[in-house]
Amino acid sequence: MPYNRRQTAPSRTAMQPIELNSPELYINRELSLLEFNARVLAQALDDSLPLLERLNYLCISCSNLDEFYEVRVASLLQMAEMDANVISPDGLTINEQLDRLSVKAHDLVAEQYRVLNEVLIPRLEADHIRFLRRDRWSASQKAWLEKYFNEELLPILTPVGLDSAHPFPRILNKSLNFIISLTGKDAFGRNSGRAVLQAPRALPRIVQLPPADTDSGPHDFVFLSSIIHAFVNDLFNGMTVKGCYQFRVTRNSDFFVDDDAIDDLMLAVEGELAMRNYGDEVRLEIDANCPEETVNFLMARFDLTADRLFLANGPVNLSRIQAIYSLIERPEMKFPPFKPSVPSAFGRNKDFFASIRKQDVLLHHPYESFTPVVDFIKQAAADPDVLAIKQTLYRTGVDSPIVAALIKGARAGKEVTVVIELRARFDEKDNIGLAAKLQEAGAHVVYGVVGYKTHAKMCMVLRKENNTLRNYVHLGTGNYHPKTARLYTDYGLFTCDKELAEDVRRVFMQLTSLGKVSKLNKLLQSPFTLHPGLMKMIEKEIEQAKKGKSAKIIIKVNAVVEEQAIRALYRASQAGVEIKMIVRGMCCLKPGVPGVSENIEVRSIVGRFLEHTRIYAFYNGGDWAVYASSADLMNRNMFRRVEVCFPIGDRKNIDRILADLEGYLSDNAQAWLLQSDGQYKRAAHGEQSTYQVQTELLKAFCG
């Protein structure tokens, strides 16, 4: 039912003014991020999903938690060392945040192991997929595994006995390790009682048993940790192993580059990367059966307290189980394959430039293929009339066909300029390698603006046509990464609109050269015009509502954190603006608070694809203004990054995006509704038929 402002707007005469910066009106961003991870884990319990996909969701929740500790918890710990009295917008000190996060994270980990041991493993076994513990090995299986240990593992395993000549080894971030208790003396009369064994990262964490050699089923697996446990005695000749327990350390993986004290950003990033595996310890995971004495020994060694200790009721790195997905050919246990469609504008005409001259072309990935984006750059690289190609790269993959096309264009003598963000977290090493390849081919490579990450997704092609120059532009909400384009939902826009293309040219000039802020025609850009531009559009809806006219805002982003934007949305709600928000992950805004946010609904969609599109839509008196962007409503996106937010100009494309948004707002199968207390509840469909937006989009575009 459409929202009626006069029915639900609060009576201001009956209420005292509410301070919109009150801590009670904000959800803690870190707790909100853990809530998202809980929603991902909940997918593993969904019986309607294929079984191996459910296992995937469990693994994703584990890898997400790794990154949470590597980055978010690590950041809080560093802040606590500098000033523990800093208060977050929700009123918590840093130590209070850490305490609450520890409780939530421990609950999450306990649920992960419960889901694995009590739900998924029994279901997998019922479908003849088994993880065999040591006490279940048959004689033939044990014989094969012993041979595997002696031939494949023993030659490269290097246990370290702990004594004054063998100090505790440096433990790699998130690596599999074992603490071993020993009795007896070795050939030199030594025995400190303990040894540490590090499992090389080259070793598979799961080993599949060959049916023909072991009388095993077609999908029987053994964890590497189980094999090492079973034959660890062979590593200590003449001594007795009393206990062998797996453990894993998570370290601070963020790094700091002092922008004011460096001459070469690439060298600085390379230097920091070398230390990433040995950052400060932030979490310790140990086998739940490990004796208290040994647990205390490791905690003291890593200088960690009990709040950052996790006891594992299974493998210490559950995300490694994901490896079996590619080893099992059981189509009924996976999402059905799909073939992305190609827009008719490109399907009929392989001349991308001619197609874009006729009309703007909007792509919605992964339902529509990312191939046209790659082919557009390939065609530009080969076209003799193309004079220059400019592109931003944030994440693109090691063997990127886009990079290959840019290299081809540079070698063909075109002016190729690439803005590579070296500090794209966890992609730094790959991006350094790509930069070197492009430079070798003669491309101009820059690293953006010192102090600001370049997160904008832009490509511009300058072409000479009939003695005039024309710019063709691609703008997107996601990365130029063909693989993730099949996993993430994103929009991409092709256009040769003169004003928009000129805006993109000016942004590239800012990134590659020096100069004052250029006035842009249509594009909103952070850190300059994006935030004030969005605030202005919110204010316009507020004014419409105050006049008694219809006023609506729809926002679809990955995160809502920025306080000024939240306060503006609260004011809009108080004025009677209907606000619908689709927020995948963190959301610090509280919907449904009387007198503040009664007119705001927040939902999160967790499905087959990672929701990644960012859309800002404003009713604008009935003439909807719709913008797509690379930016979320976060402080970093608004003020510390170079982002772009581009208008959708073509009416058909506007209507299409609005229809997509309506689908997300109608989802009652994959949607979670945010409550005013920060908790999420699944959307209920009651007697209505279920509507799953991602499934419907697959049907519409992929048949």
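What follows is a short chat about reading helix packing and aromatic contacts in this predicted model.

Trainee: What should I know before starting?

Mentor: Local features need pLDDT of at least 70 and side-chain atom pairs count only at pLDDT 80 or more, while totals for chains, interfaces and linings use all residues. Residues are numbered from 1 along each chain as its sequence is written, and side-chain values use heavy atoms, with hydrogens and water left out.

Trainee: How are two packed helices described?

Mentor: By the angle between their axes and the distance between the axes. Here, the axes of α3 (residues 51-83) and α4 (residues 94-126) come within 11 Å and cross at roughly 165°. That makes α3 roughly antiparallel to α4 (the label covers angles over 145 degrees, on a scale from 0 to 180 degrees between N-to-C directions).

Trainee: Which residues make up the contact of α3 with α4?

Mentor: They divide into 23 nonpolar, 5 polar and 3 charged.

Trainee: And how is a pair of aromatic rings described?

Mentor: By the distance of the centres and the angle of the planes. The whole structure has 20 aromatic pairs (centres within 6.5 Å; planes under 30 degrees apart are stacked, over 60 edge-to-face, the rest tilted). Tyr619 and Trp624 have ring centres 5.4 Å apart and planes at 85°, so they pair edge-to-face.

Trainee: Is Trp624 buried or exposed?

Mentor: Buried, at 14% relative accessible area (buried is under 20%, exposed over 50%, partly exposed in between, with a 1.4 Å probe on protein chains only).

Trainee: What lies over the face of Tyr619?

Mentor: Lys552, at 5.1 Å from the ring centre (the test is NZ of Lys or CZ of Arg within 6 Å of the centre and within 35 degrees of the ring normal). Lys334 lies over the face of Tyr325, at 4.4 Å.

Definitions and conventions. Helices (H or I, at least four residues) and strands (E, at least two) are DSSP runs, numbered from the N terminus. Angles under 35 degrees count as roughly parallel, over 145 as roughly antiparallel, 65 to 115 as roughly perpendicular and the rest as oblique. Ala, Val, Leu, Ile, Met, Phe, Trp, Tyr, Cys and Pro count as nonpolar, Asp, Glu, Lys and Arg as charged, and the others, Gly among them, as polar. Rings of Phe, Tyr and Trp (its six-membered ring) pair if their centres lie within 6.5 Å; planes under 30 degrees apart count as stacked, over 60 as edge-to-face and the rest as tilted.
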